[in-house]
2 protein chains.
Amino acid sequence: MAKETYVPPTLTVDSVIFQLTNDKLMVLLIKRANEPFKNSWALPGGYIAAGETTTEAMDRVLKNKAGLNSKNLGLIEQLYTFDTIARDPRGPAVAVTYMGLGRNLAESDDKTQHPTFFPVTDLPKLAYDHKDIIAYAHERLKSKLTYTNAIFALLELKFSLSELQTAYEAVLDRSLDKRNFRKKFLSLGLIQPTNEYRQDGAHRPARLYRFHHPGLQTLTRSFD
Amino acid sequence: MAKETYVPPTLTVDSVIFQLTNDKLMVLLIKRANEPFKNSWALPGGYIAAGETTTEAMDRVLKNKAGLNSKNLGLIEQLYTFDTIARDPRGPAVAVTYMGLGRNLAESDDKTQHPTFFPVTDLPKLAYDHKDIIAYAHERLKSKLTYTNAIFALLELKFSLSELQTAYEAVLDRSLDKRNFRKKFLSLGLIQPTNEYRQDGAHRPARLYRFHHPGLQTLTRSFD
DNA sequence: GCAAAAGTGTTTGGGATACACCCATGC
DNA sequence: GCATGGGTGTATCCCAAACACTTTTGC
């Protein structure tokens with residue numbers, strides 16, 4: 001195929017940004033300002049331009065559409081590339097999707113896009129097949145928690161064991177046994193106790209822990 | 001961004017096709033007929049055109065460059081989408097990669113592309129970053145064998161337990177204990193004995209087994 | 001003293017691992 | 001009868017799962 005006559009398909013990037021708020025897993029959505037699906041909620045996404053990498057496009061789109069700096073994400077992972085014949089009413093396209101995990105991410109006050117975090121268990125009606133993409137991302141995240149320490153990206157640098165467990169429970173959407181959880185997680189040797197405690201109401205203060213090493217690690221024994 | 005002025009990046013598809021030959025894991029390569037990397041070995045790949053899905057492009061490229069019909073693959077799985085700034089000397093590009101598994105796939109006698117299966121443990125010098133892509137695919141396949149029945153795509157419909165074990169050993173690149181392997185695999189309840197035996201030399205004939213259900217299944221307990 | 005979350009051990013069952021010999025066949 | 005791969009069982013260890021009470025604090 002000669003370079004001169006080659007026309008590539010439309011290429012887009014969509015991001016599934018998760019964070020925890022009030023012990024619930026939330027996902028970032030924006031309100032579409034333009035057709036198609038004008039005024040529907042959707043994942044932040046946009047075109048990838050020539051000369052741009054997919055991650056550069058993701059950064060740009062997150063900044064422009066949601067006021068979010070990707071430097072504030074603790075972990076970014078590519079999810080899947082969807083063939084989107086009939087997905088975008090404007091015609092066939094290919095969509096590269098990424099998942100981002102963060103903590104204390106702000107909803108910018110963009111009056112056009114209205115970036116807003118919604119609980120994954122209670123989503124509004126979504127544009128395109130974004131509901132499926134979020135479900136796919138959620139499954140990937142659940143799986144990731146069982147064989148890596150990815151949970152760190154959803155937590156503060158220092159955290160109590162109860163916070164850790166609650167984070168797991170929020171993502172996995174089921175309750176875990178406190179004693180077994182602590183025994184198992186501590187035996188993985190990923191976290192260390194600090195000498196700090198957090199006082200947090202009319203009850204015993206919680207010891208704070210931190211991960212030995214920043215960044216993603218694979219677990220020696222798969223969790224759960 | 002206005003539709004009229006939008007120019008997407010170059011989009012390509014590359015395929016990592018695996019099969020077993022003589023108890024070794026082999027990968028399909030072609031000899032590049034054109035620059036860049038003319039005369040280097042490379043994964044079969046090519047451009048994705050507007051109006052074409054990534055899987056359609058994969059099918060077309062496999063057919064044209066390696067004479068391979070994707071219907072002969074037992075399993076096809078998307079691997080990853082690579083940002084390829086500086087990967088293709090002709091400029092930035094995005095490459096969608098797929099892994100395909102098959103059995104008794106022929107090397108067509110194309111005198112230009114010379115499609116040939118090489119042992120993954122003994123690859124020639126490769127164009128682009130295709131060596132890394134093959135390594136990535138191999139890791140994904142190893143992992144996939146531990147939590148799915150993906151091995152079926154590398155085997156005949158009926159197979160002996162020794163063939164099954166040898167296939168696992170070829171992909172995982174390590175030896176397994178025969179008694180434990182059989183006990184474990186049979187306990188998964190995925191395969192059933194047939195009444196057929198295969199005579200295959202000066203020794204006891206091997207009973208043949210088959211999977212209960214065609215297609216990919218997730219294991220109830222992860223293997224290995 | 002009471003409410004509320006933090007913290008802590010033991011028992012049991014199932015599966016992973018390690019390991020060696022007999023069986024059926026061709027020549 | 002011997003070489004070749006097919007086929008089989010047991011003992012041990014570790015880990016997952018189940019399960020309830022004491023501690024520390026604020027009010």
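1. Start with B:Ala202. A polar backbone atom of B:Ala202 lies 3.0 Å from a base oxygen of DNA strand C. This is a polar contact (a pair of N or O atoms within 3.5 Å; within protein, one must be able to donate a hydrogen and the other to accept it, and residues adjacent in sequence count only if both atoms are side-chain atoms). Two side chains of chain B also reach bases of DNA strand C. An N or O atom in the side chain of B:Lys183 is 3.2 Å from a base oxygen. A polar side-chain atom of B:Asp177 is 3.4 Å from a base nitrogen.

2. A word on the source. This is a predicted model, in which local features need pLDDT of at least 70 and side-chain atom pairs count only at pLDDT 80 or more, while totals for chains, interfaces and linings use all residues. Residues are numbered from 1 along each chain as its sequence is written, chains are lettered from A and ligands numbered from 1 in the order in which they are written, and side-chain values use heavy atoms, with hydrogens and water left out.

3. The classes are simple: Ala, Val, Leu, Ile, Met, Phe, Trp, Tyr, Cys and Pro are nonpolar, Asp, Glu, Lys and Arg are charged, and the others, Gly among them, are polar. Of the atoms of DNA strand C within 4 Å of the protein, 46% belong to sugar or phosphate and the rest to bases.

4. Now DNA strand D. It has 24 residues around it, and A:Asn180, B:Lys178, B:Ala202, B:His203 and B:Arg207 are the closest. They divide into 5 nonpolar, 7 polar and 12 charged. Sugar or phosphate accounts for 42% of the atoms of DNA strand D within 4 Å of the protein, and bases for the rest.

5. Which element gives the largest share of the surface near DNA strand D? H4(B) does, with 5 residues. Helices (H or I, at least four residues) and strands (E, at least two) are DSSP runs, numbered from the N terminus. H4 of chain A and strand E10 (206–211) of chain B each supply at least two residues as well.

6. The side chain of B:Lys178 has an N or O atom 2.6 Å from a base nitrogen. For A:Arg179, a side-chain N or O atom is 3.4 Å from a base nitrogen. B:Pro205 uses a backbone N or O atom, 3.4 Å from a sugar or linking oxygen.

7. Next, helix packing in chain B. The axes of H3(B) (residues 161–172) and H4(B) come within 11 Å and cross at roughly 100°. Axes are lines fitted to C-alpha atoms, for helices over the stretch in contact, and angles run from 0 to 180 degrees between N-to-C directions. H3(B) and H4(B) are therefore roughly perpendicular (65 to 115 degrees; under 35 is roughly parallel, over 145 roughly antiparallel and the rest oblique).

8. Where do these helices touch? B:Leu161, B:Ser162, B:Leu164, B:Gln165 and B:Tyr168 in H3(B) meet B:Lys178, B:Phe181, B:Arg182, B:Phe185 and B:Leu186 in H4(B). Contact means heavy atoms within 4.5 Å. The contact residues divide into 6 nonpolar, 2 polar and 2 charged.

Methods:
A residue is near a molecule or strand if one of its heavy atoms lies within 4 Å of it.
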